[in-house]
Amino acid sequence: MPNTVVIALGSNLGDRRWYLRRAVDALRRVISVVRVSSIIKTDPVDAPPPKFLNMVVVGHTALTPEALLDALLEIETRLGRRRSTRNAPRVIDLDLILHSANRRRGPRLTLPHPRYRERDFVMRPLREVWSG
């Protein structure tokens with residue numbers, strides 16, 4: 001039985017729409033994408049400007065949460081994400097929000113993603129695709 005996953009995407013550097021489109025294309029090779037939200041523009045939260053473009057992808061996968069996290073990090077790297085300081089501006093950010101009913105709490109992965117319900121940049125696009 002495949003797991004339902006929710007992945008939040010964000011970009012606040014470079015051609016933000018291009019990075020989001022490339023990330024969705026790459027996700028289609030890792031998960032079975034069911035729904036893709038529209039793109040919204042948001043102010044950064046706990047991060048410096050510029051503004052973010054955000055969206056959410058819902059899909060299915062047989063991958064474990066850890067294997068999917070590895071795939072998301074690989075996509076970020078391929079698209080040019082460079083990690084410097086925490087919450088620094090970035091060309092792409094892929095966050096695993098939900099992975100079916102799986103729960104994790106560790107230094108590498110926490111599921112569901114902490115504080116996602118408090119983040120408008122996740123909840124607005126998620127409400128759009130979750131309700132159908």
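Q: What is a salt bridge?
A: A salt bridge is a side-chain nitrogen of Lys or Arg within 4 Å of a carboxyl oxygen of Asp or Glu. Take D43 and K51: their side chains meet in a salt bridge, 2.4 Å from N to O.

Q: What kind of model is this, and how are its residues numbered?
A: This is a predicted model: local features need pLDDT of at least 70, side-chain atom pairs count only at pLDDT 80 or more, and totals for chains, interfaces and linings use all residues. Residues are numbered from 1 along each chain as its sequence is written, and side-chain values use heavy atoms, with hydrogens and water left out.

Q: How do I read pLDDT?
A: pLDDT is the predictor's confidence in each residue, from 0 to 100. Here the mean for the protein is 92. A value of 70 or more is reached by 97% of its residues.

Q: Where is confidence lowest, and where is it highest?
A: First, the names: helices (H or I, at least four residues) and strands (E, at least two) are DSSP runs, numbered from the N terminus. Confidence is lowest in strand β6 (residues 104–105), with a mean of 87. It is highest in helix α1 (residues 16–27), at 98.

Q: Which residues of helix α3 are buried?
A: Buried means under 20% relative accessible area, exposed over 50%, partly exposed in between (1.4 Å probe, protein chains only). In helix α3 (residues 120–130), the buried residues are V122, M123, P125, L126 and V129.

Q: What covers them?
A: Think in contacts: heavy atoms within 4.5 Å. The cover over the buried residues of α3 includes strands β1 (3–11), β2 (32–36), β3 (40–42), β4 (52–61) and β5 (93–99).

Q: How many salt bridges does the structure hold?
A: The count comes to nine. One of them joins R124 and D120, at 3.2 Å from N to O.

Q: Where do R124 and D120 lie?
A: Start with the general idea. An α-helix has 3.6 residues a turn, so residues three or four places apart point the same way. R124 and D120 both lie in helix α3, four residues apart, about one turn of the helix. R124 is partly exposed at 38%, and D120 is partly exposed at 40%.

Q: Where do R78 and E74 lie?
A: Both are in helix α2 (residues 65–78), four residues apart, about one turn of the helix.

Q: Why does R78 count as exposed, and why does E74 count as partly exposed?
A: R78 counts as exposed because its relative accessible area is 52%. E74 counts as partly exposed because its value is 47%.

Q: Which residues are linked in a network of salt bridges?
A: E76, R81, R90 and D93 are linked in such a network. D93 sits in strand β5. D93 is buried, at 13% relative accessible area.

Q: Which polar contacts does the side chain of D93 make?
A: A polar contact is a pair of N or O atoms within 3.5 Å; within protein, one must be able to donate a hydrogen and the other to accept it, and residues adjacent in sequence count only if both atoms are side-chain atoms. The side chain of D93 makes one with the side chain of R81, at 2.8 Å. It makes another with the side chain of R90, at 3.4 Å.

Q: Which residues does D93 touch?
A: Leaving out residues up to four places away in sequence, D93 touches A8, L9, G10, E76 and R81.
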